[in-house]
Amino acid sequence: MKTTVNGSRLTAHELKVYIRTFGCQMNTRDSEIVIGMLEEHGYKHTDDPKEADIVIFNTCSVREHAEQRALSALGYLLRRGAKHKKRIFGVMGCVAQHKQEKIFKSLPKLDFICGSSDIYNIPLILSQIINEGKVNVVSVSKKDRGKRSIKNINPSYREKEKEALVNIMYGCNNFCSYCIVPYVRGEEVSRPVKDIVEEITDLVSKDITHITLLGQNVNSYNGKDGKEDIDLIGLLKQLNKIEGIKKISFMTSHPKDAKPSLFKAMRDLNKVDKHLHLAMQSGSDKILKLMNRGYTSAKFIKLVEDFREIVHDGKISTDIIVGFPTETEEDFNQTKEVVEKLRFDNAYIFKYSPRPPAKSSEMADDVLIDVKKRRHSELLELQREISREKKGKKFN
Ligand code: SF4
């Protein structure tokens, strides 16, 4: 169909799409799905925003900094786009889901916003803008907190040649008090085993050998295989049998649901990656309780010890937040002590920022920014030292 974009008559297959992705692997996979769908509709993908006719920002609202970075980068492009070339601009992902129509207030020239639960609508949205001249299009499911459809739409576009991300579940039921994900990604829904196996078998036929299974909390995977309920261990067992796969990774694991039986499966299934990412968040029981994490520091330490005892050559990484409301020097020192004791292979350390409507945003953000910064760099330095020592030992 002929259409008008940039003042000239064009067809979809003459239009180039650029997607910039912020945040987690779940977003990376969503961007792949959208690029794949649009390619199937005749659009071309480009990695160069300058030559793009359609620019989409796939946003993340888990951290305030990432959200602001995305919106200000988009604001800059919109101002330049208006000067040089009329393009279509859209926002997808968590920020779109969370802020909905409010984004148009700060970015009135935006053409569309599309929530994380509605990404399958993007070809339709573009067609409405291009063919019907619609402006400020909004597609954000408000029902069920944006619960994601498990429709088996898996277009073939993948960013990497040998590795692929595969969603096994969407959403999260945990409501950790600092986290916005359950509000923007909706409640947990697991994909059926058959769909996952079919997708991976197809990937293997395209020479993909490393699969990463994705979910906000893969430990609570509960998919159907016919009438039977299958958990993560059952799924890993089935996937381990697929010929052609060399490595199966998974992320992210929640400590309250991770169990020694999973570690045994990691030890015994030859294709399963021996790397566990287990987010600790804090070493203080008081803070863990306020975070609604569902475990104590002692339980977390025991889990890591179990993992190391069962998976001898295993690696373990973690996430930590510093400066959560009411975090005292003593709470912070408890976190440092656990880091010193457990000696993670890697740790991602973040400064707390309130993310309404997450529960902790109702608490006073009472740790001064300078204190957050100091705790952040102290912990970062400690972890760097541990990582250096561990790497040094490996090479000696
Ligand atoms: S487990 Fe907690 S931190 Fe992770 S996505 Fe769910 S609510 Fe957020």
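This is a predicted model: local features need pLDDT of at least 70, side-chain atom pairs count only at pLDDT 80 or more; totals for chains, interfaces and linings use all residues.
1. Overall build. The protein chain has 13 helices and 18 strands. Its radius of gyration is 22 Å, close to the 21 Å that the globule rule gives for 396 residues, so the chain is as compact as a globular protein of that length. Along the principal axes, the C-alpha atoms fill a box of roughly 65 × 55 × 45 Å.

2. Burial and contacts. Of the 396 residues, 41% count as buried. Take the contacts with a separation of 6 or more: 75% of them join residues 24 or more positions apart.

3. A helix pair. Helix α7 covers residues 193-205 and helix α8 covers residues 232-240. They pack at an angle of about 30 degrees, and their axes are 11 Å apart. The crossing is right-handed.

4. What meets between them. From α7 come V193, I196, V197 and I200. From α8 come L235, Q238 and L239. By type, the residues of this contact divide into 6 nonpolar, 1 polar and no charged.

5. A residue to look at. I321 is found in strand β17, residues 315-322. I321 has 26 other C-beta atoms within 10 Å; 20 or more make a residue buried, so I321 is buried.

6. Neighbours of I321. Leaving aside residues up to four places away in sequence, I321 touches Y178, Q281, S282, F350 and Y352. K390 is 69 residues from I321 in sequence. In space, the two are 23 Å apart, C-alpha to C-alpha.

Methods:
Residues are numbered from 1 along each chain as its sequence is written. Helices (H or I, at least four residues) and strands (E, at least two) are DSSP runs, numbered from the N terminus. The radius of gyration is taken over C-alpha atoms; the globule rule is 2.2 Å times the number of residues to the power 0.38. A residue is buried if 20 or more other C-beta atoms lie within 10 Å of its own, exposed if 12 or fewer, and partly exposed in between; C-beta atoms are placed from the backbone. Two residues are in contact if their C-beta atoms, placed from the backbone, lie within 7 Å. Axes are lines fitted to C-alpha atoms, for helices over the stretch in contact, and angles run from 0 to 180 degrees between N-to-C directions. A crossing is left-handed if the near helix is turned anticlockwise from the far one by less than a right angle, and right-handed if clockwise. Ala, Val, Leu, Ile, Met, Phe, Trp, Tyr, Cys and Pro count as nonpolar, Asp, Glu, Lys and Arg as charged, and the others, Gly among them, as polar.
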